[in-house]
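Subject: Structure for your files

Dear colleague,

Here is the structure, with notes on what was found in it. Please read the notes with the model open.

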Amino acid sequence: MKAEIISVGTEILLGDIVNTNAQYLAEELANIGIDVYYQITVGDNEERLYNTFKEGLTRSDIVIATGGLGPTDDDITKEVACKCFGQELKLHQPSLNKIEDYFKKINMSLSENNKKQAYFPKESIILENNYGTAPGAILKKDNKIIIVLPGPPREMKPMFEEKVKPYLKNNSNSVLVSKVLRTFGIGESLLEESIIDIIKEQNNPTIAPYAKDSEAILRITAKAFTEKEAEELISPVVEKIRSRVGSYIYGEDDTSLEEEVAKILVEKNLTISVAESCTGGLLSSSLINYPGISSVFMEGCVTYSNEAKMKRLGVKKETLDKYGAVSEQTAKEMAEGIAKQFNTNIGLSTTGIAGPEGGSVEKPVGLVYIGIYINGKTFVKRFIFNGNRQMVRLRATKNILNELRIKLL
């Protein structure tokens, strides 16, 4: 089955709100084997919305619209959907009763405008809204389906999960299953180049590379009658990819680089302390995101000034005077100093120039040194990162985590 998603609302077109509904629905539809080829945003205009519905119905089996179910005159999604199918709106008394009860609970008067939210075609399946006043509906005619859902995500998501998803699963004869391989240290283009022959020879599963947050990601997706059959199609492809770029793959599916590193630390019972300058606490915060890290994470220090580096970490004044705060030597003493100070197996350090100012020919903006001390051995690596201040900090954080991961493995 094919579906498309229509997001209704002039406020979305103007950028006043972020459209998270389309992302959520696309992912959920894929999980139940329904293909999505089009996503469209349209304003609160009857003619344009009508044409969008009609066009969508010519190329898809299902059109799912979010937004425009409210009580005001410009909330017209349900009315336009009915017009497409030639169906007449009638009062649905149970829906009106629920709306009246809602207003009584919040001690407000029910306006005439709110009553329009209780009108539906008699042919429709009405979707109860337990989190607001606007019910949704499933309309069907000539093997075509229109589903109208409220715009607020707190209302739309539970309605889809509880009512729409079971309905669609019963009408779908296949499932889509995806396996995500997460890589770090290899760019999207080089990753694709390394496995381009594997990508080209596949049509089920399909392989899609994309970049996100300084990482390169592969999504392998298979369609089959059952999840087990889909997984059997995916497995040999994953193994083939791993044989090519396995050293860059740090995890699968819903995980992160910091989570994988934290798991290793906890499993190996390796204590860690962190000394940060340019990353300003981002590295410590990333590790602390993992539940259970408290068993091994001892201390995180933001030693931004030279004075703090000397007083807190024991960095030598001579080192700072001769090489500067942003140097291989300072990064080394920071990592060793924090580990010694808190008697940990591992000490991490970051020092660099995040910008946008402060760089020079010898030490440009984006220059970062990372230090890793592990049980008596210290490693320092130099990077030059592109991007704004936040991107430099983020890339420094991810790179030191990845270097630590590789060394621990």
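A salt bridge here is a side-chain nitrogen of Lys or Arg within 4 Å of a carboxyl oxygen of Asp or Glu. The model is predicted, so local features need pLDDT of at least 70 and side-chain atom pairs count only at pLDDT 80 or more, while totals for chains, interfaces and linings use all residues. Residues are numbered from 1 along each chain as its sequence is written, and side-chain values use heavy atoms, with hydrogens and water left out.

Two more conventions apply throughout. Helices (H or I, at least four residues) and strands (E, at least two) are DSSP runs, numbered from the N terminus. Buried stands for under 20% relative accessible area, exposed for over 50%, and partly exposed for in between (1.4 Å probe, protein chains only).

Salt bridges

The count comes to 25 salt bridges. In one of them, lysine 398 meets glutamate 215, with 3.0 Å from N to O. Lysine 398 belongs to helix α16 (residues 389–408) and glutamate 215 to strand β11 (residues 215–224), so this pair ties together parts that are 183 residues apart in sequence. Both lysine 398 and glutamate 215 are buried.

Lysine 381 is partly exposed at 38% relative accessible area, whereas glutamate 403 is buried at 14%.

A local case is glutamate 112 with lysine 115, where the closest N and O atoms are 3.0 Å apart. The two residues are 3 residues apart in helix α6, which means a separation of about one helical turn. Glutamate 112 is exposed at 58% relative accessibility, and lysine 115 is partly exposed at 27%.

Surface patches

Patches are made of residues with over 30% relative accessible area and no salt bridge; like charges are joined within 9 Å, and nonpolar side chains (Val, Leu, Ile, Met, Phe, Trp, Tyr) within 5 Å. For charge, Lys and Arg count as positive and Asp and Glu as negative, with His and the chain ends not counted. The place of a charge is NZ of Lys, CZ of Arg, CG of Asp or CD of Glu. Accessible areas come from the Shrake-Rupley method with a 1.4 Å probe, and for residues only the protein chains shown count as cover.

Tyr102, Ile106 and Met108 make up a nonpolar surface patch with about 280 Å² of accessible area together. Isoleucine 106 sits in the loop between α5 (93–105) and α6 (112–115) and is partly exposed, at 40% relative accessible area. Glu11, Asp16, Asp73 and Asp74 form a negative patch. Of these, aspartate 73 lies in the loop between β3 (62–66) and α4 (77–85) and is exposed at 72%.

Cysteines

With a disulfide taken as a pair of cysteine sulfur atoms within 2.5 Å, the structure holds 0 disulfides. The sulfur of cysteine 84 is too far for a bond because the closest cysteine sulfur, in cysteine 82, is 9.1 Å away. For cysteine 301, which is in no disulfide, the nearest cysteine sulfur is that of cysteine 278, at 15 Å. Cysteine 84 is buried at 10% relative accessibility, and cysteine 301 is buried at 5%.

Backbone

Most residues other than glycine have a negative phi, and most peptide bonds are trans. The bond from asparagine 204 to proline 205 is cis, with omega near 10°; proline 205 is in the loop between α9 (196–200) and β10 (206–212). The bond from glycine 355 to proline 356 is also cis, with omega near 5°.

Proline 356 is in the loop between β15 and β16.

Positive phi values occur at aspartate 213, near 50°, and at asparagine 269, about 55°. Aspartate 213 is in the loop between β10 and β11 and is partly exposed at 47%. Asparagine 269 is in the loop between α11 (257–268) and β13 (272–276) and is exposed at 52%.

Regards
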